[in-house]
Structures are given as structure tokens and as C-alpha cells.
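Good morning. Please look at the sequence and the structure on the screen, and I will go through some of the features.

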There are 2 protein chains.
Amino acid sequence: MRSWRAYVIGSELLRQRLSRELQESEGIALPDYEVLVRLSECDGWQMRMSHLAGQVASSKSRLSHQISRMEKLGLVKRVECPDDARGVIAELTQKGMDTLRAAAPTHVEGVRAHLVDLMTPEEQKVVAALFERVIEHLDQG
Amino acid sequence: MRSWRAYVIGSELLRQRLSRELQESEGIALPDYEVLVRLSECDGWQMRMSHLAGQVASSKSRLSHQISRMEKLGLVKRVECPDDARGVIAELTQKGMDTLRAAAPTHVEGVRAHLVDLMTPEEQKVVAALFERVIEHLDQG
């Protein structure tokens with residue numbers, strides 16, 4: 001399990017570093033950044049909360065707290081689901097999009113410096129193929 | 001950035017799946033399991049809270065809440081640091097170790113089924129070497 005061990009520790013350290021860099025230079029937490037990214041990729045900058053929770057590997061209750069906090073910062077807003085009275089949608093605000101655009105270069109630079117630049121083109125292919133296989137496997141299971 | 005994208009999504013989905021399997025079969029959350037693993041590997045099953053926070057990629061305040069919750073479950077206890085009045089140590093209890101031993105097969109089986117079995121021996125070597133390089137790079141920086 002040498003590869004698993006290296007992966008767990010390395011990916012945690014990487015996450016910590018990217019998180020600290022975003023927090024220090026842009027004042028935004030990595031989990032908040034990830035919510036902004038997911039919403040920015042959706043039509044109308046909107047996603048159902050239940051779907052968003054899955055996308056950012058969070059529980060519904062934890063995401064609900066996070067969205068409340070982000071709503072106070074003006075980064076997102078909650079809207080009612082038109083075709084489902086119990087559904088709630090999270091929507092990116094213009095301020096959220098501006099924050100994402102300001103923070104993205106820091107994050108992308110961090111990913112490059114602490115991961116991509118450490119990989120050979122061959123390793124990049126291996127990692128892409130492996131995690132695409134993992135995604136396919138987990139989507140089926 | 002295809003490899004980064006696959007890695008981010010794949011590793012999140014993997015984490016979600018391993019978390020759900022642990023929660024459903026053993027009633028323990030993955031972050032709690034990770035705390036138990038780290039403490040079990042230390043001399044005397046003890047680690048300073050400030051060091052443990054780094055090890056599990058958590059902030060000190062978030063870890064403090066988590067340890068309080070785990071303390072109520074009897075999995076860990078806080079002890080004062082003998083050589084530093086402000087330092088606090090988290091210590092694994094026997095119940096915590098029993099819980100870890102009961103949960104470990106589920107977690108190890110999940111890691112095997114959803115990651116290791118999907119990798120060729122060559123890919124395992126690439127992933128191990130890559131993340132060891134990431135760890136070394138981040139330790140230096």
C-alpha cells in the first residue's frame with residue numbers, strides 16, 4: 001500500500017498548501033472556492049443544493065451551513081426550486097463570480113507549482129487515465 | 001489540465017465513497033477514522049493537537065471541535081502537555097483503538113476495490129513516486 005499511503009499524505013499536504021495560499025492572498029477558503037467553481041460551470045450559475053453537496057463531497061447539512069456563511073458574504077444566494085417546493089437552489093452572484101475570477105490565478109498557479117510542474121508528461125497521462133477510470137468505476141457502483 | 005481535473009473529481013468521489021462505506025457499516029466518519037489512524041501510529045497513542053491538525057489537514061479550531069465530539073464518544077481524550085502549559089495533547093483511548101481495529105478492514109477493502117484494484121503495478125509505482133515527490137516538494141517549501 002505504498003502508493004495509497006503516499007497518495008493520502010501527498011494529496012492532504014497539497015490541499016493544505018493550496019488552501020493556505022488562497023486564504024492568505026485572496027481571503028477565501030478552499031471549500032468556498034470549490035463551490036464558486038462548480039456553480040460558475042452551471043447554466044445560469046445555479047445548482048440544486050442536493051446535487052452540489054455531492055459535487056463538493058459534502059453532506060447536505062454541512063453544505064447548508066457553508067452556503068449560509070457564503071450568502072452573508074454576498075458570494076451566493078439561495079433561490080427556491082420552481083418545480084419542487086422542497087428543493088433549494090444555490091446561485092452564484094456577480095460578486096461571487098468576481099471573487100472567483102480574482103482568486104483563480106492564485107489557485108491555478110499553486111496547482112501548477114505544487115503538482116503539474118512536478119509531473120512528467122507521461123505521469124500526467126497516467127494520472128488522468130487512472131482517475132478517469134476511478135470516476136467511471138465509482139459512477140457505476 | 002486534464003490530469004488535474006480528473007484528479008480533483010476522482011479523488012473527491014473516492015473520498016465520498018470511502019466515507020459513506022465507513023459511515024454505513026461502522027458508524028464512523030472518515031475524518032474521525034483518520035484521526036484514530038494518526039494517533040494509533042504515535043508513541044503512547046498521543047500527539048500534540050497542533051501537530052495533529054497539520055497531519056489531518058484541518059485547522060486548529062476545526063480539529064478542536066472534532067476532538068470534543070470524539071471525546072464524548074469515548075474515542076479519544078485530551079491531556080495536558082507536561083512541558084508546555086498551553087499545549088494540549090490528544091490521546092487515543094482503548095475504545096478508540098477497538099473502533100479503529102473494527103473499522104480498518106472496511107476501509108482497507110474500500111481502498112482496494114475502488115483504487116488499488118483499478119491500477120496496474122506500473123501505475124502504482126508512478127503514483128507512489130509522484131506523491132512522494134509532492135510530499136518532498138511541499139515539506140521544503
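What pattern does chain A follow when read along the sequence? The pattern is α-α-β-α-α-β-β-α-α. That gives chain A 6 helices and 3 strands. Before going on, please keep in mind that this is a predicted model.

Next, the overall dimensions. The C-alpha trace of chain A spans about 50 × 40 × 25 Å along its principal axes. The chain has 141 residues, and 45% of these are buried. If we take the contacts in chain A with a separation of 6 or more, 51% of them are between residues 24 or more positions apart.

One residue to look at is A:P31. Where is it found? A:P31 sits in helix α2, residues 30-40 of chain A. Is A:P31 buried, partly exposed or exposed? Its relative accessible area is 36%, so A:P31 is partly exposed. Leaving out residues up to four places away in sequence, A:P31 touches A:R15 and A:Q66. A:P31 also lies 7.8 Å from A:V56, C-alpha to C-alpha, although 25 residues separate the two in sequence.

Now the cysteines. How many disulfides are there over all chains? The count is 0. A:C42, for instance, is in no disulfide, and the nearest cysteine sulfur to it, that of A:C81, is 13 Å away. A disulfide needs the two sulfur atoms within 2.5 Å. A:C42 has 18% relative accessibility, so it counts as buried. A:C81 is likewise in no disulfide, and its nearest cysteine sulfur is that of A:C42. With a relative accessibility of 7%, A:C81 counts as buried.

Last, a contact between two chains. Helix α1 of chain A, residues 2-26, meets helix α6 of chain B, residues 121-140: their axes come within 8 Å and cross at roughly 35 degrees. Is the crossing left-handed or right-handed? The crossing of α1(A) and α6(B) is left-handed. Which residues make the contact? On the α1(A) side they include A:A6, A:Y7, A:I9, A:L13 and A:R17. On the α6(B) side, B:V127, B:F131, B:E132, B:I135 and B:L138 are among them. Sorted by class, the contact of α1(A) with α6(B) has 12 nonpolar, 4 polar and 4 charged residues.

That is the end of my part.

Technical notes: Residues are numbered from 1 along each chain as its sequence is written. Chains are lettered from A and ligands numbered from 1 in the order in which they are written. This is a predicted model: local features need pLDDT of at least 70, side-chain atom pairs count only at pLDDT 80 or more; totals for chains, interfaces and linings use all residues. Side-chain values use heavy atoms; hydrogens and water are left out. Axes are lines fitted to C-alpha atoms, for helices over the stretch in contact, and angles run from 0 to 180 degrees between N-to-C directions. Helices (H or I, at least four residues) and strands (E, at least two) are DSSP runs, numbered from the N terminus. A crossing is left-handed if the near helix is turned anticlockwise from the far one by less than a right angle, and right-handed if clockwise. Contact means heavy atoms within 4.5 Å. Ala, Val, Leu, Ile, Met, Phe, Trp, Tyr, Cys and Pro count as nonpolar, Asp, Glu, Lys and Arg as charged, and the others, Gly among them, as polar. Buried means under 20% relative accessible area, exposed over 50%, partly exposed in between (1.4 Å probe, protein chains only).
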